[in-house]
Amino acid sequence: MSDPLLSVTVITRNEGHRIGRCLESVAFADERVVLDSGSTDDTVALARSLGARVIQSADWPGFGPQKNRALDAATGHWVLSLDADEVVGPELSRSIQAVLARAARGEALPDAYWITRSSRYCGRTIRFGDWRNDRVLRLFRRGHARFSDDLVHERLVCSGRQDTLSGLLEHDSVDSPADAREKAERYARLGADKLRARGRGGLVPALTHGLWTFLRGYLLRLGLLDGSAGFAIAWLNARSTFLRYRLAGLPAAVPSSPGDPT
């Protein structure tokens with residue numbers, strides 16, 4: 001049997017409330033690989049019920065290494081990497097399938113494709129600020145790209161030719177203000193380790209970078225036009241930046257858990 005044309009990879013932990021939407025949006029894929037790191041909810045059962053191949057890992061090495069693990073488990077000629085809180089929109093679905101059809105015909109194609117992502121805050125689409133539409137490199141030929149080894153804010157690295165797909169990747173980043181606060185604080189802790197390794201951090205940098213983050217997102221990038229959601233995002237990002245630099249100036253703490261890939 002020949003290898004599948006498209007593999008979709010997703011890393012998860014306790015994503016039972018949204019893994020279904022994610023996997024159903026890529027039902028056209030030949031293979032869907034879910035790499036789970038210790039879910040205690042019904043994530044694994046739901047993913048399997050939808051036809052995904054689920055692999056379970058005992059540890060949590062960070063976002064970049066974990067996504068590379070999922071990539072190594074994929075067998076398709078092409079790979080689409082998704083987060084559990086992302087859904088492939090209808091136009092994007094058609095764009096991806098058009099690329100696959102061209103690949104099946106043996107046409108010369110780029111090695112990777114950029115995708116425009118539309119983020120939502122507690123169900124509300126964000127059009128300005130730091131969460132305005134961004135581009136992510138997610139669809140690529142297997143063997144032509146790898147994720148960086150960053151513990152957080154990883155990126156896909158591809159030196160080959162790249163293009164952009166039409167359509168949107170819908171990103172339901174947070175479900176509630178409490179979820180947003182917890183996620184921002186967790187990312188700040190992970191990011192602090194990277195800053196500390198570079199000899200950066202401390203109270204003064206925390207204050208200055210935190211203030212700049214708020215002004216950039218709320219004023220310069222017009223987050224104020226998103227109303228209360230725009231203010232909440234600018235404040236959360238500023239607080240996360242402050243915590244990241246503040247924690248980086250303190251001695252490293254011994255981790256008490258394997259982390260959380262969401």
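S81 is found in strand 4, where strands (E, at least two residues) and helices (H or I, at least four) are DSSP runs numbered from the N terminus. The model is predicted, so local features need pLDDT of at least 70 and side-chain atom pairs count only at pLDDT 80 or more, while totals for chains, interfaces and linings use all residues. Residues are numbered from 1 along each chain as its sequence is written, and side-chain values use heavy atoms, with hydrogens and water left out.

With a relative accessible area of 1%, S81 is buried; buried means under 20% relative accessible area, exposed over 50%, and partly exposed in between, for a 1.4 Å probe and protein chains only. Leaving out residues up to four places away in sequence, S81 touches T9, K67, R138, F140 and F147, contact being heavy atoms within 4.5 Å.

L82 also has a list of contacts beyond four places in sequence: V8, T9, V10, I11, C22, V26, V88, R138 and L169. In the largest nonpolar core, which has 29 residues, L82 is one of those that touch the most other members, together with L6, V10, L80, I96 and L139. Such a core is a set of buried Ala, Val, Leu, Ile, Met, Phe, Trp, Tyr and Cys residues joined through side-chain atoms within 4.5 Å. At least two residues of this core come from each of strand 1 (6-12), helix 1 (19-24), helix 2 (43-49), strand 4, helix 4 (90-104), strand 6 (112-121), strand 8 (134-141) and strand 11 (162-174). Helix 4 gives the most to the core, with four residues.

V10 lies in strand 1 and counts as buried because its relative accessibility is 1%. Apart from neighbours within four places in sequence, V10 is in contact with I19, C22, L23, V33, V34, L35, L82, D83 and A84. For V34, which is 24 residues away from V10 along the chain, the C-alpha separation is 4.9 Å.

Between strand 4 (78-83) and strand 5 (86-88) runs a loop that holds D85. D85 counts as buried because its relative accessibility is 8%. Residues up to four places away aside, D85 touches R18, E170, H171, D172, S173 and K183.

Q97 is found in helix 4. At 36% relative accessibility, Q97 counts as partly exposed. The C-alpha atoms of Q97 and F28 are 8.0 Å apart, and 69 residues separate the two in sequence.

In strand 11 is Q162, which is partly exposed at a relative accessible area of 30%. Beyond four places in sequence, Q162 is in contact with P110, A112, W114 and L137. The C-alpha atoms of Q162 and P110 are separated by 5.2 Å, with the two residues 52 apart along the chain. The side chains of Q162 and W114 are joined by a polar contact of 2.8 Å. A polar contact is a pair of N or O atoms within 3.5 Å; within protein, one must be able to donate a hydrogen and the other to accept it, and residues adjacent in sequence count only if both atoms are side-chain atoms. The side chain of Q162 also reaches the backbone oxygen of G160, at 3.5 Å.

Most residues other than glycine have a negative phi. N14, in the loop between strand 1 and helix 1, has a positive phi near 55° and is partly exposed, with a relative accessible area of 25%. C122, in the loop between strand 6 and strand 7 (124-125), has a positive phi near 50° and is partly exposed at 32%.

The last topic is a pair of helices. Helix 5 (residues 177-197) and helix 7 (residues 227-248) pack at an angle of about 35°, and their axes are 7 Å apart. Axes are lines fitted to C-alpha atoms, for helices over the stretch in contact, and angles run from 0 to 180 degrees between N-to-C directions. The crossing of helix 5 and helix 7 is right-handed, meaning that the near helix is turned clockwise from the far one by less than a right angle. Helix 5 contributes residues including A180, A184, A188 and L195, which meet a set in helix 7 that includes L236, L243, Y245 and L247. The residues of this contact divide into 10 nonpolar, two polar and six charged; Ala, Val, Leu, Ile, Met, Phe, Trp, Tyr, Cys and Pro count as nonpolar, Asp, Glu, Lys and Arg as charged, and the others, Gly among them, as polar.
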